[in-house]
Amino acid sequence: MVQGGTRTYANFDYAASAPALAQVTDRVTELLPFYASVHRGAGYASRISTDCYENARGSVARFLNCADDQVVVFTRNTTDSLNLLASCVPGDTVVLDIEHHANFLPWTRHGRRVVPAADTVAETIRRVVAELCAKPAALLAVTGASNVTGEVLPLERLATIAHQCGARILVDAAQLAPHRRIDLQASGIDYLAFSGHKLYAPFGAGVLVGRRDWLDAAAPYLAGGGAVTQVSATDAEWAPAPQRHEAGSPNVLGVAALAAACDTLGELDEQTVVDHERRLAQRLCDGLKAIAGVQFLRIWSDSADSVGIVAFTLDGFEPGRVAAYLSAEHGIGVRDGRFCAHPLLAHLGVDGALRASIGLGTSAADVDRLIEAVATLVAQGPRWNYACTSGQWNPVPETRPRLTSDAGAGAAPCTF
(Lines give C-alpha, C1' and ligand atoms only; values in the text may rest on other atoms or scores of the structure.)
Protein backbone atom coordinates (compact mmCIF):
# COMPACT_ATOMS: atom_id res chain seq x y z
CA MET A 1 0.00 0.00 0.00
CA VAL A 2 1.14 3.58 -0.49
CA GLN A 3 1.76 4.09 3.23
CA GLY A 4 3.90 0.95 3.39
CA GLY A 5 3.29 -2.76 3.77
CA THR A 6 1.12 -5.15 1.79
CA ARG A 7 -2.43 -6.44 2.05
CA THR A 8 -4.45 -9.08 0.31
CA TYR A 9 -6.41 -7.54 -2.57
CA ALA A 10 -10.17 -7.28 -2.08
CA ASN A 11 -11.76 -7.41 -5.53
CA PHE A 12 -15.06 -5.58 -5.94
CA ASP A 13 -14.72 -5.14 -9.69
CA TYR A 14 -16.16 -8.44 -10.93
CA ALA A 15 -18.63 -6.57 -13.13
CA ALA A 16 -15.75 -5.25 -15.24
CA SER A 17 -13.63 -8.42 -15.48
CA ALA A 18 -13.85 -11.50 -13.29
CA PRO A 19 -10.71 -13.46 -12.37
CA ALA A 20 -10.22 -16.84 -13.99
CA LEU A 21 -11.66 -19.89 -12.28
CA ALA A 22 -9.14 -22.61 -11.47
CA GLN A 23 -10.96 -24.92 -13.88
CA VAL A 24 -10.58 -22.30 -16.61
CA THR A 25 -6.82 -21.92 -16.20
CA ASP A 26 -6.48 -25.70 -16.01
CA ARG A 27 -8.34 -26.11 -19.33
CA VAL A 28 -6.15 -23.51 -21.03
CA THR A 29 -2.96 -25.03 -19.62
CA GLU A 30 -4.06 -28.46 -20.83
CA LEU A 31 -4.69 -27.15 -24.35
CA LEU A 32 -1.57 -25.00 -24.73
CA PRO A 33 0.76 -27.85 -25.86
CA PHE A 34 -1.74 -28.66 -28.64
CA TYR A 35 -2.65 -25.09 -29.58
CA ALA A 36 -2.91 -24.70 -33.37
CA SER A 37 -5.11 -23.18 -36.07
CA VAL A 38 -8.53 -24.79 -36.31
CA HIS A 39 -10.21 -26.15 -39.46
CA ARG A 40 -6.90 -25.77 -41.29
CA GLY A 41 -5.05 -29.07 -41.39
CA ALA A 42 -4.71 -32.77 -40.67
CA GLY A 43 -1.97 -32.31 -38.09
CA TYR A 44 -2.66 -33.76 -34.66
CA ALA A 45 -2.47 -30.40 -32.87
CA SER A 46 -4.86 -28.83 -35.38
CA ARG A 47 -7.30 -31.71 -34.93
CA ILE A 48 -7.17 -31.38 -31.14
CA SER A 49 -7.70 -27.62 -31.29
CA THR A 50 -10.53 -28.01 -33.81
CA ASP A 51 -12.32 -30.55 -31.62
CA CYS A 52 -11.92 -28.30 -28.59
CA TYR A 53 -13.21 -25.27 -30.49
CA GLU A 54 -16.26 -27.01 -31.92
CA ASN A 55 -17.07 -28.88 -28.70
CA ALA A 56 -17.16 -25.49 -26.95
CA ARG A 57 -20.37 -24.71 -28.83
CA GLY A 58 -21.97 -27.64 -27.05
CA SER A 59 -20.81 -26.34 -23.66
CA VAL A 60 -22.40 -22.95 -24.35
CA ALA A 61 -25.59 -24.53 -25.73
CA ARG A 62 -25.98 -26.71 -22.63
CA PHE A 63 -25.24 -23.80 -20.30
CA LEU A 64 -28.03 -21.75 -21.90
CA ASN A 65 -30.36 -24.63 -22.88
CA CYS A 66 -30.44 -23.39 -26.47
CA ALA A 67 -33.29 -24.29 -28.81
CA ASP A 68 -32.64 -26.42 -31.88
CA ASP A 69 -32.82 -23.44 -34.24
CA GLN A 70 -30.34 -21.37 -32.23
CA VAL A 71 -26.70 -21.25 -33.26
CA VAL A 72 -23.61 -20.39 -31.18
CA VAL A 73 -21.27 -17.84 -32.77
CA PHE A 74 -17.95 -17.02 -31.08
CA THR A 75 -16.87 -13.38 -31.02
CA ARG A 76 -14.42 -11.17 -29.13
CA ASN A 77 -16.84 -9.94 -26.46
CA THR A 78 -20.41 -8.72 -25.89
CA THR A 79 -19.81 -5.53 -27.87
CA ASP A 80 -18.60 -7.55 -30.84
CA SER A 81 -21.62 -9.86 -30.55
CA LEU A 82 -24.12 -7.02 -30.53
CA ASN A 83 -22.48 -5.25 -33.46
CA LEU A 84 -22.61 -8.54 -35.36
CA LEU A 85 -26.33 -8.93 -34.68
CA ALA A 86 -26.96 -5.29 -35.56
CA SER A 87 -25.67 -6.04 -39.06
CA CYS A 88 -28.26 -8.83 -39.37
CA VAL A 89 -31.46 -7.21 -38.04
CA PRO A 90 -33.92 -6.52 -40.89
CA GLY A 91 -35.62 -3.48 -39.36
CA ASP A 92 -35.91 -1.13 -36.39
CA THR A 93 -34.65 -1.98 -32.92
CA VAL A 94 -36.33 -0.70 -29.75
CA VAL A 95 -34.04 -0.05 -26.77
CA LEU A 96 -34.29 1.56 -23.33
CA ASP A 97 -32.21 4.57 -22.33
CA ILE A 98 -30.61 2.60 -19.47
CA GLU A 99 -28.43 0.36 -21.63
CA HIS A 100 -24.69 -0.12 -21.64
CA HIS A 101 -23.21 1.56 -24.71
CA ALA A 102 -22.63 -1.88 -26.25
CA ASN A 103 -26.41 -2.41 -26.36
CA PHE A 104 -27.22 1.18 -27.34
CA LEU A 105 -24.84 2.41 -30.01
CA PRO A 106 -24.89 -0.45 -32.59
CA TRP A 107 -28.62 -0.32 -33.33
CA THR A 108 -28.48 2.97 -35.25
CA ARG A 109 -27.63 1.11 -38.48
CA HIS A 110 -31.20 0.13 -39.32
CA GLY A 111 -33.11 2.49 -37.01
CA ARG A 112 -32.97 2.79 -33.23
CA ARG A 113 -36.02 3.82 -31.23
CA VAL A 114 -35.27 4.78 -27.64
CA VAL A 115 -37.81 4.28 -24.86
CA PRO A 116 -37.09 6.32 -21.69
CA ALA A 117 -37.25 4.17 -18.57
CA ALA A 118 -39.83 5.16 -15.96
CA ASP A 119 -39.44 5.11 -12.18
CA THR A 120 -41.04 1.67 -11.99
CA VAL A 121 -40.58 -1.54 -13.94
CA ALA A 122 -44.33 -1.71 -14.50
CA GLU A 123 -44.49 1.69 -16.17
CA THR A 124 -41.31 1.02 -18.14
CA ILE A 125 -42.86 -2.14 -19.59
CA ARG A 126 -46.04 -0.20 -20.43
CA ARG A 127 -43.91 2.27 -22.39
CA VAL A 128 -42.19 -0.58 -24.24
CA VAL A 129 -45.57 -2.06 -25.16
CA ALA A 130 -46.78 1.34 -26.41
CA GLU A 131 -43.69 1.77 -28.58
CA LEU A 132 -43.90 -1.72 -30.07
CA CYS A 133 -47.62 -1.28 -30.77
CA ALA A 134 -47.24 2.18 -32.28
CA LYS A 135 -44.97 1.02 -35.09
CA PRO A 136 -43.65 -2.43 -36.04
CA ALA A 137 -40.10 -3.24 -34.96
CA ALA A 138 -37.86 -6.18 -35.75
CA LEU A 139 -36.13 -6.39 -32.39
CA LEU A 140 -36.43 -5.41 -28.75
CA ALA A 141 -32.93 -5.19 -27.22
CA VAL A 142 -32.72 -5.09 -23.42
CA THR A 143 -30.21 -5.62 -20.67
CA GLY A 144 -30.50 -8.77 -18.58
CA ALA A 145 -29.09 -7.00 -15.51
CA SER A 146 -28.00 -3.37 -15.34
CA ASN A 147 -24.24 -3.01 -15.29
CA VAL A 148 -24.69 0.03 -13.03
CA THR A 149 -27.29 -1.04 -10.47
CA GLY A 150 -27.59 -4.79 -11.01
CA GLU A 151 -31.37 -4.61 -11.34
CA VAL A 152 -32.89 -7.46 -13.36
CA LEU A 153 -35.75 -7.07 -15.82
CA PRO A 154 -38.56 -9.68 -16.16
CA LEU A 155 -37.15 -11.22 -19.34
CA GLU A 156 -39.79 -13.89 -19.91
CA ARG A 157 -42.51 -11.27 -19.79
CA LEU A 158 -40.63 -9.00 -22.17
CA ALA A 159 -40.04 -11.91 -24.55
CA THR A 160 -43.76 -12.65 -24.60
CA ILE A 161 -44.57 -8.99 -25.22
CA ALA A 162 -42.04 -8.74 -28.06
CA HIS A 163 -43.41 -11.85 -29.75
CA GLN A 164 -47.00 -10.70 -29.41
CA CYS A 165 -46.01 -7.46 -31.13
CA GLY A 166 -44.26 -9.28 -33.97
CA ALA A 167 -40.71 -8.57 -32.77
CA ARG A 168 -37.86 -10.70 -31.49
CA ILE A 169 -35.91 -10.08 -28.29
CA LEU A 170 -32.17 -9.73 -27.69
CA VAL A 171 -30.76 -9.87 -24.17
CA ASP A 172 -27.41 -8.33 -23.28
CA ALA A 173 -26.46 -10.89 -20.64
CA ALA A 174 -22.95 -9.64 -19.90
CA GLN A 175 -23.92 -8.96 -16.27
CA LEU A 176 -26.68 -11.54 -15.92
CA ALA A 177 -24.93 -14.71 -17.11
CA PRO A 178 -22.27 -14.74 -14.35
CA HIS A 179 -24.97 -14.49 -11.65
CA ARG A 180 -28.09 -16.29 -12.87
CA ARG A 181 -28.80 -19.38 -14.94
CA ILE A 182 -30.49 -18.51 -18.22
CA ASP A 183 -32.78 -20.96 -20.01
CA LEU A 184 -33.31 -19.78 -23.56
CA GLN A 185 -36.03 -22.29 -24.33
CA ALA A 186 -38.05 -21.61 -21.18
CA SER A 187 -37.64 -17.82 -21.38
CA GLY A 188 -38.38 -17.41 -25.07
CA ILE A 189 -35.26 -15.29 -25.62
CA ASP A 190 -34.34 -15.21 -29.33
CA TYR A 191 -30.81 -13.80 -29.10
CA LEU A 192 -28.36 -13.50 -26.23
CA ALA A 193 -24.83 -12.14 -25.90
CA PHE A 194 -22.22 -12.28 -23.15
CA SER A 195 -18.45 -12.00 -22.58
CA GLY A 196 -16.07 -14.62 -21.28
CA HIS A 197 -14.10 -12.08 -19.29
CA LYS A 198 -17.12 -11.39 -17.08
CA LEU A 199 -17.86 -15.12 -16.77
CA TYR A 200 -14.54 -15.98 -15.04
CA ALA A 201 -12.84 -16.69 -18.39
CA PRO A 202 -10.68 -13.60 -19.05
CA PHE A 203 -9.06 -14.79 -22.27
CA GLY A 204 -10.80 -12.60 -24.83
CA ALA A 205 -13.80 -14.45 -26.22
CA GLY A 206 -17.51 -13.71 -26.37
CA VAL A 207 -20.69 -15.35 -27.57
CA LEU A 208 -23.71 -14.51 -29.67
CA VAL A 209 -26.42 -17.16 -29.50
CA GLY A 210 -29.53 -16.83 -31.57
CA ARG A 211 -31.98 -17.94 -34.21
CA ARG A 212 -30.30 -19.05 -37.38
CA ASP A 213 -32.43 -17.42 -40.09
CA TRP A 214 -31.27 -13.81 -39.63
CA LEU A 215 -27.68 -14.94 -39.20
CA ASP A 216 -27.80 -17.06 -42.37
CA ALA A 217 -29.46 -14.34 -44.46
CA ALA A 218 -27.12 -11.50 -43.48
CA ALA A 219 -23.87 -10.59 -45.16
CA PRO A 220 -20.82 -12.07 -43.40
CA TYR A 221 -19.69 -9.98 -40.44
CA LEU A 222 -16.11 -10.29 -41.71
CA ALA A 223 -15.11 -11.36 -45.22
CA GLY A 224 -12.28 -13.85 -45.16
CA GLY A 225 -11.07 -17.38 -44.80
CA GLY A 226 -13.30 -19.80 -42.94
CA ALA A 227 -16.51 -17.95 -43.82
CA VAL A 228 -16.79 -19.46 -47.31
CA THR A 229 -17.35 -22.83 -48.93
CA GLN A 230 -16.09 -21.83 -52.39
CA VAL A 231 -14.30 -18.81 -53.88
CA SER A 232 -13.64 -17.94 -57.51
CA ALA A 233 -12.02 -14.89 -59.07
CA THR A 234 -15.42 -13.25 -59.41
CA ASP A 235 -17.66 -14.70 -56.71
CA ALA A 236 -17.85 -16.33 -53.27
CA GLU A 237 -20.20 -18.89 -51.78
CA TRP A 238 -20.68 -18.05 -48.12
CA ALA A 239 -21.04 -20.70 -45.44
CA PRO A 240 -24.07 -20.70 -43.13
CA ALA A 241 -23.78 -19.53 -39.51
CA PRO A 242 -21.79 -19.87 -37.34
CA GLN A 243 -18.86 -20.12 -39.79
CA ARG A 244 -20.38 -17.32 -41.90
CA HIS A 245 -19.51 -14.83 -39.15
CA GLU A 246 -16.25 -16.32 -37.83
CA ALA A 247 -13.78 -15.50 -40.60
CA GLY A 248 -10.07 -15.63 -39.80
CA SER A 249 -8.16 -17.59 -37.18
CA PRO A 250 -10.29 -17.64 -34.03
CA ASN A 251 -9.26 -17.24 -30.41
CA VAL A 252 -9.06 -20.96 -29.64
CA LEU A 253 -7.73 -20.50 -26.10
CA GLY A 254 -10.36 -17.87 -25.30
CA VAL A 255 -13.13 -20.12 -26.54
CA ALA A 256 -11.77 -23.06 -24.55
CA ALA A 257 -11.68 -20.87 -21.45
CA LEU A 258 -15.25 -19.69 -22.01
CA ALA A 259 -16.45 -23.28 -22.44
CA ALA A 260 -14.69 -24.33 -19.24
CA ALA A 261 -16.41 -21.51 -17.36
CA CYS A 262 -19.80 -22.56 -18.74
CA ASP A 263 -19.17 -26.18 -17.75
CA THR A 264 -18.02 -25.21 -14.25
CA LEU A 265 -20.77 -22.70 -13.50
CA GLY A 266 -23.34 -25.08 -14.91
CA GLU A 267 -22.42 -27.63 -12.25
CA LEU A 268 -22.86 -25.22 -9.33
CA ASP A 269 -26.07 -25.16 -7.33
CA GLU A 270 -27.79 -22.02 -8.54
CA GLN A 271 -29.62 -21.28 -5.30
CA THR A 272 -26.41 -21.52 -3.28
CA VAL A 273 -24.73 -19.00 -5.59
CA VAL A 274 -27.71 -16.63 -5.48
CA ASP A 275 -28.00 -16.86 -1.68
CA HIS A 276 -24.27 -16.13 -1.27
CA GLU A 277 -24.53 -13.09 -3.50
CA ARG A 278 -27.69 -11.69 -1.94
CA ARG A 279 -26.40 -12.15 1.59
CA LEU A 280 -23.20 -10.24 0.84
CA ALA A 281 -24.96 -7.53 -1.17
CA GLN A 282 -27.40 -6.95 1.67
CA ARG A 283 -24.52 -6.86 4.17
CA LEU A 284 -22.77 -4.26 2.03
CA CYS A 285 -25.89 -2.12 1.61
CA ASP A 286 -26.69 -2.25 5.32
CA GLY A 287 -23.15 -1.21 6.22
CA LEU A 288 -22.94 1.62 3.70
CA LYS A 289 -26.41 2.86 4.63
CA ALA A 290 -25.14 3.64 8.13
CA ILE A 291 -22.45 5.98 6.76
CA ALA A 292 -23.35 9.65 6.41
CA GLY A 293 -23.44 10.86 2.82
CA VAL A 294 -23.86 7.52 1.04
CA GLN A 295 -26.54 7.63 -1.67
CA PHE A 296 -27.48 4.48 -3.60
CA LEU A 297 -28.31 4.42 -7.30
CA ARG A 298 -31.52 2.66 -8.34
CA ILE A 299 -33.49 2.76 -11.56
CA TRP A 300 -36.82 1.37 -10.39
CA SER A 301 -38.64 1.47 -7.06
CA ASP A 302 -40.39 -1.85 -7.73
CA SER A 303 -37.55 -3.98 -9.12
CA ALA A 304 -37.86 -7.46 -7.64
CA ASP A 305 -34.37 -8.81 -8.23
CA SER A 306 -30.78 -7.61 -8.51
CA VAL A 307 -27.45 -9.29 -9.08
CA GLY A 308 -24.50 -8.50 -6.80
CA ILE A 309 -23.83 -4.93 -7.92
CA VAL A 310 -24.07 -1.93 -5.59
CA ALA A 311 -23.64 1.56 -7.04
CA PHE A 312 -23.42 4.61 -4.80
CA THR A 313 -22.14 8.14 -4.40
CA LEU A 314 -20.53 9.76 -1.37
CA ASP A 315 -21.43 13.36 -0.61
CA GLY A 316 -18.44 15.68 -0.79
CA PHE A 317 -16.13 13.20 -2.52
CA GLU A 318 -15.37 12.67 -6.20
CA PRO A 319 -15.97 9.01 -7.09
CA GLY A 320 -12.55 8.72 -8.72
CA ARG A 321 -10.83 10.05 -5.62
CA VAL A 322 -12.68 7.56 -3.42
CA ALA A 323 -11.71 4.69 -5.73
CA ALA A 324 -8.06 5.77 -5.69
CA TYR A 325 -8.12 6.02 -1.89
CA LEU A 326 -9.67 2.57 -1.50
CA SER A 327 -7.02 1.06 -3.75
CA ALA A 328 -3.99 2.92 -2.47
CA GLU A 329 -4.68 2.85 1.28
CA HIS A 330 -6.81 -0.28 1.71
CA GLY A 331 -6.03 -2.62 -1.19
CA ILE A 332 -9.67 -2.58 -2.36
CA GLY A 333 -10.63 -2.47 -6.02
CA VAL A 334 -13.93 -0.83 -7.07
CA ARG A 335 -15.04 0.83 -10.29
CA ASP A 336 -15.75 4.54 -10.67
CA GLY A 337 -17.08 6.75 -13.45
CA ARG A 338 -20.06 6.44 -15.77
CA PHE A 339 -19.63 2.72 -16.54
CA CYS A 340 -20.15 3.03 -20.33
CA ALA A 341 -23.77 3.92 -19.56
CA HIS A 342 -23.87 7.70 -20.00
CA PRO A 343 -27.61 7.94 -20.80
CA LEU A 344 -28.42 5.95 -17.65
CA LEU A 345 -26.25 8.14 -15.42
CA ALA A 346 -27.92 11.21 -16.94
CA HIS A 347 -31.31 9.58 -16.33
CA LEU A 348 -30.32 9.08 -12.67
CA GLY A 349 -29.08 12.66 -12.40
CA VAL A 350 -25.44 11.96 -11.50
CA ASP A 351 -22.17 12.65 -13.31
CA GLY A 352 -20.40 9.62 -11.88
CA ALA A 353 -20.56 7.05 -9.12
CA LEU A 354 -18.80 4.15 -7.42
CA ARG A 355 -19.64 0.54 -8.18
CA ALA A 356 -18.87 -2.43 -5.94
CA SER A 357 -19.59 -5.76 -7.62
CA ILE A 358 -19.66 -9.13 -5.89
CA GLY A 359 -18.57 -12.48 -7.29
CA LEU A 360 -17.96 -16.08 -6.34
CA GLY A 361 -14.74 -15.20 -4.54
CA THR A 362 -16.15 -12.36 -2.43
CA SER A 363 -16.24 -12.96 1.34
CA ALA A 364 -17.98 -11.32 4.26
CA ALA A 365 -14.56 -10.15 5.44
CA ASP A 366 -14.06 -8.36 2.10
CA VAL A 367 -17.42 -6.62 2.50
CA ASP A 368 -16.57 -5.52 6.04
CA ARG A 369 -13.23 -4.13 4.83
CA LEU A 370 -14.96 -2.00 2.21
CA ILE A 371 -17.53 -0.68 4.68
CA GLU A 372 -14.83 0.13 7.23
CA ALA A 373 -12.67 1.88 4.61
CA VAL A 374 -15.54 4.12 3.45
CA ALA A 375 -16.49 4.91 7.05
CA THR A 376 -12.86 5.83 7.82
CA LEU A 377 -12.72 8.14 4.82
CA VAL A 378 -15.84 10.00 5.96
CA ALA A 379 -14.71 10.23 9.58
CA GLN A 380 -11.00 10.97 9.14
CA GLY A 381 -10.34 11.77 5.50
CA PRO A 382 -7.56 10.20 3.43
CA ARG A 383 -4.06 9.71 4.83
CA TRP A 384 -2.43 10.37 1.45
CA ASN A 385 -2.58 13.07 -1.19
CA TYR A 386 -4.42 12.48 -4.47
CA ALA A 387 -4.46 14.40 -7.74
CA CYS A 388 -6.56 14.11 -10.88
CA THR A 389 -4.57 14.08 -14.12
CA SER A 390 -6.30 13.60 -17.48
CA GLY A 391 -9.44 12.46 -15.68
CA GLN A 392 -7.65 9.82 -13.60
CA TRP A 393 -7.18 10.10 -9.84
CA ASN A 394 -3.84 8.85 -8.49
CA PRO A 395 -1.97 8.93 -5.18
CA VAL A 396 0.80 11.53 -4.99
CA PRO A 397 3.43 10.29 -4.67
CA GLU A 398 2.76 6.79 -6.02
CA THR A 399 4.95 4.50 -3.91
CA ARG A 400 3.64 1.12 -5.02
CA PRO A 401 5.83 -0.77 -7.51
CA ARG A 402 4.42 -1.46 -10.96
CA LEU A 403 4.91 -4.39 -13.28
CA THR A 404 6.77 -3.30 -16.44
CA SER A 405 7.64 -4.83 -19.78
CA ASP A 406 10.93 -6.09 -18.30
CA ALA A 407 9.26 -7.57 -15.20
CA GLY A 408 11.07 -10.82 -15.83
CA ALA A 409 14.39 -9.06 -15.30
CA GLY A 410 13.98 -8.44 -11.61
CA ALA A 411 11.08 -6.03 -11.35
CA ALA A 412 9.27 -6.15 -8.02
CA PRO A 413 5.78 -7.69 -7.84
CA CYS A 414 2.70 -5.55 -7.40
CA THR A 415 1.63 -4.96 -3.81
CA PHE A 416 -1.50 -3.37 -2.40
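The following dialogue explains how to read several features of the predicted model shown above.

Visitor: What conventions apply to this model?

Guide: This is a predicted model, in which local features need pLDDT of at least 70 and side-chain atom pairs count only at pLDDT 80 or more, while totals for chains, interfaces and linings use all residues. Residues are numbered from 1 along each chain as its sequence is written, and side-chain values use heavy atoms, with hydrogens and water left out.

Visitor: How many helices and strands are in the chain?

Guide: Helices (H or I, at least four residues) and strands (E, at least two) are DSSP runs, numbered from the N terminus. The chain has twelve helices and 17 strands. Its radius of gyration is 23 Å, close to the 22 Å that the globule rule gives for 416 residues, so the chain is as compact as a globular protein of that length. That radius is taken over C-alpha atoms, and the rule is 2.2 Å times the number of residues to the power 0.38. Along the principal axes, the C-alpha atoms fill a box of roughly 70 × 60 × 40 Å.

Visitor: What percentage of the residues in the chain is buried?

Guide: A residue is buried under 20% relative accessible area, exposed over 50% and partly exposed in between (1.4 Å probe, protein chains only). Of the 416 residues in the chain, 52% are buried. Contact means heavy atoms within 4.5 Å. Among contacts in the chain with a separation of 6 or more, 68% come from residues 24 or more positions apart.

Visitor: In what order do the strands of the seven-stranded sheet lie?

Guide: Strands of a sheet pair through backbone hydrogen bonds, either parallel or antiparallel. Two strands count as paired if DSSP finds at least two bridges between them. Here seven strands form an open sheet in the order S2-S8-S7-S6-S5-S3-S4, with mixed pairing. S2 and S4 are the edge strands, each pairing on one side only. Neighbouring strands of this sheet are turned by 20° against each other on average, direction ignored. S2 and S8 run antiparallel and are joined by six bridges; in S8, glycine 206 is the bridge partner of threonine 75.

Visitor: Which strands of that sheet does H3 touch?

Guide: Axes are lines fitted to C-alpha atoms, for helices over the stretch in contact, and angles run from 0 to 180 degrees between N-to-C directions. H3 packs on the sheet, touching S2, S5, S6, S7 and S8, and its direction makes about 155° with that of S7. Eight of the nine residues of H3 (residues 78-86) are buried, so this helix is largely enclosed by the rest of the structure. The buried residues include Leu82, Leu84 and Leu85. Their packing partners include helix H7 (212-217).

Visitor: Which residue caps the N-terminal end of H3?

Guide: Asparagine 77 does, with a side-chain oxygen 3.3 Å from the backbone nitrogen of threonine 79. A polar contact is a pair of N or O atoms within 3.5 Å; within protein, one must be able to donate a hydrogen and the other to accept it, and residues adjacent in sequence count only if both atoms are side-chain atoms.

Visitor: Is tyrosine 191 buried or exposed?

Guide: Tyrosine 191 is in strand S7 and is buried, with a relative accessible area of 0%. The side chain of tyrosine 191 reaches the backbone oxygen of arginine 211 at 3.3 Å. Leaving aside neighbours within four places in sequence, the contacts of tyrosine 191 include Leu85, Val209 and Trp214. Its C-alpha atom is separated by 10.0 Å from that of valine 72, 119 residues apart along the chain.

Visitor: Where is asparagine 103 found?

Guide: Asparagine 103 is in the loop between strand S3 (93-96) and strand S4 (112-115). Asparagine 103 is buried, with a relative accessible area of 0%. A polar contact of 2.9 Å joins the side chains of asparagine 103 and glutamate 99.

Visitor: Which strands stand at the edges of the sheet of four strands?

Guide: That open sheet has the order S11-S12-S15-S14 and antiparallel pairing. Strand S11 (294-296) and strand S14 (335-337) stand at the edges, each with a single partner strand, so one side of each is left without a neighbour in the sheet. The twist averages 30° from one strand to the next. Helix H9 (residues 270-289) lies across S11, strand S12 (309-314) and S15, running at about 10° to S12.
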